[in-house]
Structure formats: structure tokens, C-alpha cells
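Subject: Handover of a structure

Dear colleague,

Please find the structure below, passed to you for your further work. My findings follow directly after it.

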Amino acid sequence: MNAIEINGVSKSYGAVQALDQVTLSVHEAELFGLIGPDGAGKTTLFRILTTLLNADRGTASVTGLDVRRNYRDIRRVVGYMPGRFSLYPDLSVEENLKFFAALFGVDVHTNYGLIAPIYRQIEPFAQRRAGKLSGGMKQKLALCCALIHQPAVLFLDEPTTGVDAVSRSEFWQMLAGLKAQGITIFVSTPYMDEAQLCDRVALMDKGHLLAVDQPLKLAESYGTRLYAASAREMWPLMQALRGMSQVEDCYTFGEAHHVVLKQGTEPEAVVEDLERSGLHDVKILPARGNIEDLFIKLMRHG
Amino acid sequence: MDRNDRLAISVKGLTKRFGAFTAVDHITFDVAGGEIFGFLGANGAGKTTAMRMLCGLSFPTEGKGWVAGFDIMKQSEQIKKHIGYMSQRFSLYDDLTVVENMRLFAGIYGMKTSDAKLRIDELLSQLHFGQERHAIVGSLPLGWKQKLSFSVATIHRPEILFLDEPTGGVDPITRRQFWELIYSSVNEGMTVFVTTHYMDEAEYCNRLSVMVDGQIKALNTPKELKLQYGVDTMDEVFRRIARGATRSE
């Protein structure tokens, strides 16, 4: 049995089609990433799976339970950390944890083992009000509260948005620890570089899934014809490349520009043209596409 | 007066204390005119506090600084006229249309009606806003709002533009279009001072500083920083520097 099954799920808000026929399966104990920008439909999908919202069409189940018929049972077996901080700011760290445990009818001590590695980091502030915690500590407390009833499936909606690179990598280490305990994790993020930390990912945009696979396989699926271009004058280089008929696409990519050349185009010829037009030290080298390149390609070509 | 006209920003020993807590601890750096300067740091490192002092919104406890040639201690009102500021928390009015927002900000910056009209037309065509110019801002997608925020922050053609995490949450194509707006403004002579959590964007900056616990721990070009730390990406540079942080927000 899959941990999550989504079958042809659609949802509109008035004229806005938030989800359009989404079909997806997440395996048990899988760390699955839903990757896409704001407005992709990620939160809507989370709300349907956690039974907070009904789909217009299609069916979905979590641990074999139907989101519509068995919604009460689902709520006992899932943990949900929404994108917005949703704990009680006037309760202390400890009170929040006890409150969530009480809601699920469990005892903090019984399930302490699961949250211990995370909770220990905020335990020195157990008496502090949740509203007075730093962003990173709030995030850890929210994760503890979502885990206190030992859920089978954990839903995390953009847990790392606006978080710095160091705290982000710490958070992903925590997720790896939870996965090792057999918990299925369904996590969304707008950061493309986090894809590689997932077992499998779905790329999502405007209510559609663009691709679903292991991150490495997705990157490999990019194909050839992608190059990294650089010159002494980076901005003029971009404009020159965009004006060339041999160039299919060109966009900034960290220290270089990524360029997609049309079939049959030799990069050496492009370099010559560019140098003749007055650019210096032009280099066009084969590049390996990553998730972000693929996302751009799929967004442009559907 | 040691007013400095050549540099866009020049600060020496800039410090801000809140009671016993030193949020910004003796930072010193210069930003040249026309430069894209990346101001990096972990959450809670003191970036926002430093940026508020540079924008004339908060006075330093200690140290000196000049922004657009004006003294941050004595000429904060002058500074505000010569800079633009955009943060991820938009200052746009959701209930007004695109054009109404532009007119409002042009008015706030004291632009003449005729100048404002020309400038608004120019910005609208740069953004490729057609019919959308009469759309209520609250109904626009996030990426459009970000581009509009950028335009509003530069409507008075500021010498220096401060961007506080301008690109959070948008898709990779929109994020790049946003950086192209930055590049084209810099091409016209504007200086950009930007914070971001996206390390590929750090690569687009001419120079970068990395703040840890209120102090600047590194400052150089992306290329030199990567060489210095012997790594391939800015992401790795950032982690090496910021990992030693003892405080968070």
C-alpha cells in the first residue's frame, strides 16, 4: 500500500484553477518533495490530503484511508506543519507541546523518543512563550508538535521558506532522521536545490505536475545542448546570446549563463561570432542540467 | 566635513546596540557607485538592523557612515530622497490599481505630475504591463507584484536601491526576470545593495559581504571568496562562514 494516493484531483477557487487533474503516489517511508513556486497549488494539495479542504473532482487517500469518507481517521495518523506559524504564541514551548499531545490523547513521555533529537535543542527555552522564539526555534517546536502523536505521514508545507542556508541544511538533516524511523514525509519547497535531498520529487507549476521522478533521474532527463557561457562582460554577453538565431534559450545561472543551443549548433562557432562582436574571453562549455534547468525548460515548453 | 561623494556607501565602525545586545558590531565597508553589492548573513546576523541604519530609519549607537554622500547621523531625510527600498513585505497598496500605486509613490517622492506621467509610462512598458495597468494590485500574481514593487522603489530614479530578500517564493523564470531588471538599472548607473537567501543570486553580485553575529566575517568578489575557501559554489562558502554563528533571529 502506498502512503499517499492522489487520483485526478482538481480544485478551483472561482476562475482560478488551483489544481488540474493531479495524479501522484508516495511510497511508504519515502521522503517526497513537492517543488514549485508560489501559486503552483502546493498548499491546496496539502489541505486536501490533510482533510481540511474537499477536492472538486478526483479521489485521494492517505495510508489507504479516503480523504472524504475517512477524514476523522486520517487526522489521527497524519502530522501537519502548515506554512504559517500555527502554534499558540501565548503558551510556552512546553505548554504548546502538552496541548498538542492532549489533543491527540497521547502522553508526551510515551512518544518523547521520536522528538527528542529535535526537542532537546529548544528544551532550554521550555518556559518561554512560543511567540517570543526565533524563527528557527519556532520551526523546531512546530515540528515537535506535528510529531508528538507519532504520525505515519508527516506533511510539511514550505518549512524552509525564508530560512538561511545553514538552518535549511540542519532542517533537512532532521527530516532524514525521521525518515529513518519509517515516517513518510511529504514536504513542499520553492527552493529547487532542495530537490536533491528527497527520494523522489514532483515539479509543480500552475496546478499541474510537470514531472515526477528521482532527482538524479530528472536531472539526467534534461538531455544535451545545455552550455555554460561566460565572458568578461557578462550582461552584454546575455543580450548578445539572446539575439543569436542559434540560441534557443539563455538565462542567468550563478557565475555563468546557461545557454540552450539549437540542434546541430557548434559552440565554437558561437564563441567566434561573439568575440567578433567585441566580447572578451568568451567561453561556452558543456553543462549538466539540474532540476532548476529542467523546471525552466518544462515551464517554457509545457 | 569628511563627506564622501565618490562612494555610494561608506561606513566605518557602524554599531547598533539594543540594551546589552549588540545587533551590529563595528562593521566597516564601502560600496562603489554602480556596484551590485550582496549583503549576506544567517537569520539574526544583524542584516536588517544594518540596512535600517543605512536607509536613515535608525541611528547608529556608534560609528560613522555616508549614503549617497549624506551623513547617516545628520542627514537621514536627505538620504531617504536619494535611495529606494524594497522588501519582501510589499509596501504596495493592495486595493489600488497598478497605475494608482505608481502615482501615489511618485507623489510621495515629490515628483512633478508631468515627470511622473512620463516615468510611469516608461516603467509600464519596461514591465510589459498592458491591460494589467488597471488591475487591482491585490489580484496580481506574486511575480508581478515583485516587479511592480521594484518599479515603485525606483520611480524617483534613486542613486542607490536597497533590496531586502526581493525574490522569495517565485518561480525560477520570474526570479531571473527580476535580476534582469536589476542589471538594466545598474547599466543606467544605479547602485544596488541586496540581501538574499538564494546563493546562485549571490553570484550575480560584484562583491559580497557575509555577516555573522553582528560582524562582517568576509568581504570580496564571489570568485575570490570561492578561491579563498577552496570550494566551487557560494553556497559552500556561505556555509563555511556562517556555520560558526552562535545566534539566530
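I begin with a pairing inside chain A: Asp157(A) has Ser188(A) in β8(A) as its bridge partner. Please bear in mind throughout that this is a predicted model.

Within β7(A), Val153(A) is the bridge partner of Val78(A).

How many of the residues of β7(A) are buried? The strand spans residues 153-157 of chain A, and five of its five residues are buried, so that it is mostly covered. In a regular strand, side chains alternate between the two faces of the sheet. In β7(A), Val153(A), Phe155(A) and Asp157(A) point one way, while Leu154(A) and Leu156(A) point the other way. The residues of both sets are buried.

I turn next to the contact between the chains. In it, 28 residues of chain B are in contact with 27 residues of chain A. On the side of chain B that touches chain A, at least two residues each are supplied by α6 (172-187), α7 (199-202) and α9 (234-242) of chain B. The largest share of that side, six residues, comes from α6(B). Sorted by class, the side of chain B that touches chain A holds 13 nonpolar, seven polar and eight charged residues.

One helix pair across the two chains deserves a separate description. Two packed helices are described by the angle between their axes and the distance between the axes. Helix α6 of chain A, residues 165-180, packs with α9(B) at an angle of about 90°, and their axes are 9 Å apart. Angles of 65 to 115 degrees count as roughly perpendicular, and α6(A) and α9(B) are therefore roughly perpendicular to each other. From α6(A), the residues Ala165(A), Val166(A) and Ser169(A) meet Asp235(B), Phe238(B), Arg239(B) and Ala242(B) of α9(B). The residues of this contact of α6(A) with α9(B) comprise four nonpolar, one polar and two charged.

Finally, the confidence scores. The mean pLDDT of chain B is 91, and 96% of the residues of chain B reach 70 or more. The model has an ipTM of 0.78 and a pTM of 0.86. Where pLDDT is low, the predicted coordinates should not be read in detail.

With kind regards

Technical notes: Residues are numbered from 1 along each chain as its sequence is written. Chains are lettered from A and ligands numbered from 1 in the order in which they are written. This is a predicted model: local features need pLDDT of at least 70, side-chain atom pairs count only at pLDDT 80 or more; totals for chains, interfaces and linings use all residues. Two residues are in contact if their C-beta atoms, placed from the backbone, lie within 7 Å. Helices (H or I, at least four residues) and strands (E, at least two) are DSSP runs, numbered from the N terminus. Ala, Val, Leu, Ile, Met, Phe, Trp, Tyr, Cys and Pro count as nonpolar, Asp, Glu, Lys and Arg as charged, and the others, Gly among them, as polar. pLDDT is the predictor's confidence in each residue, from 0 to 100. Axes are lines fitted to C-alpha atoms, for helices over the stretch in contact, and angles run from 0 to 180 degrees between N-to-C directions. Angles under 35 degrees count as roughly parallel, over 145 as roughly antiparallel, 65 to 115 as roughly perpendicular and the rest as oblique. A residue is buried if 20 or more other C-beta atoms lie within 10 Å of its own, exposed if 12 or fewer, and partly exposed in between; C-beta atoms are placed from the backbone. Two strands pair if DSSP finds at least two bridges between them.
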